[in-house]
Amino acid sequence: FFKGKCIRLKEISTLQENIIAEYDKKARDGYNIEFDKLKIERARQEFKSKNFPKSLEIYRSIEYKELMNALDEKLIEFCTRQI
């Protein structure tokens, strides 16, 4: 089918795989950020319901801690004291 070692074809294939892998990583990161935002909202709801252990558990499962604000830090401290 092809003659030779197909060096250029292999380079293009590798480049395509790298682009797909990079896009996949960015897409997953974006998904994880949105999922963590939902977790933060859920933790706040549990706090309002006075379910402090569940709220703390949810806060601890958040991967992107930079999404939390000062209020969340105070809620975590309060939950820790209540348990």
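**View 1. The cover over the buried residues of helix α3 includes α1 and α2 (52-60)**. This is a predicted model, in which local features need pLDDT of at least 70 and side-chain atom pairs count only at pLDDT 80 or more, while totals for chains, interfaces and linings use all residues. Residues are numbered from 1 along each chain as its sequence is written, and side-chain values use heavy atoms, with hydrogens and water left out. Helices here are DSSP runs (H or I, at least four residues; strands are E, at least two), numbered from the N terminus.

View 2. Which residues of α3 are buried? Asp 72, Leu 75, Ile 76 and Cys 79 are, where buried means under 20% relative accessible area, exposed over 50% and partly exposed in between (1.4 Å probe, protein chains only). These four cover an arc of only 100 degrees around the axis, which puts them on the same side of α3; the arc is that of the directions from the helix axis to the C-beta atoms. An α-helix has 3.6 residues a turn, so residues three or four places apart point the same way. Turn to the other side of α3 and you will find Ala 70, Lys 74 and Arg 81 exposed.

**View 3. At the start of α3, Asn 69 reaches towards Leu 71**. A side-chain oxygen of Asn 69 comes to within 3.0 Å of the backbone nitrogen of Leu 71. Now follow the helix to its other end: the 13 residues of α3 (residues 70-82) should span 18 Å at 1.5 Å a residue, and the end C-alpha atoms are 19 Å apart, which agrees. The expected span is 1.5 Å times one less than the number of residues.

**View 4. Glu 22 sits in helix α1 (residues 7-48)**. Is Glu 22 buried or partly exposed? With a relative accessible area of 47%, Glu 22 is partly exposed. Its C-alpha atom lies 28 Å from that of Arg 60, 38 residues away along the chain.

**View 5. Stepping back, the chain has three helices and zero strands**. Along its principal axes, the C-alpha trace spans about 75 × 20 × 15 Å. The radius of gyration is 22 Å, whereas a compact globule of 83 residues would have one near 12 Å; this radius is taken over C-alpha atoms, and the globule rule is 2.2 Å times the number of residues to the power 0.38. The chain averages a pLDDT (the predictor's confidence in each residue, from 0 to 100) of 91, and 95% of the residues score at least 70.

Methods: Contact means heavy atoms within 4.5 Å. A polar contact is a pair of N or O atoms within 3.5 Å; within protein, one must be able to donate a hydrogen and the other to accept it, and residues adjacent in sequence count only if both atoms are side-chain atoms.
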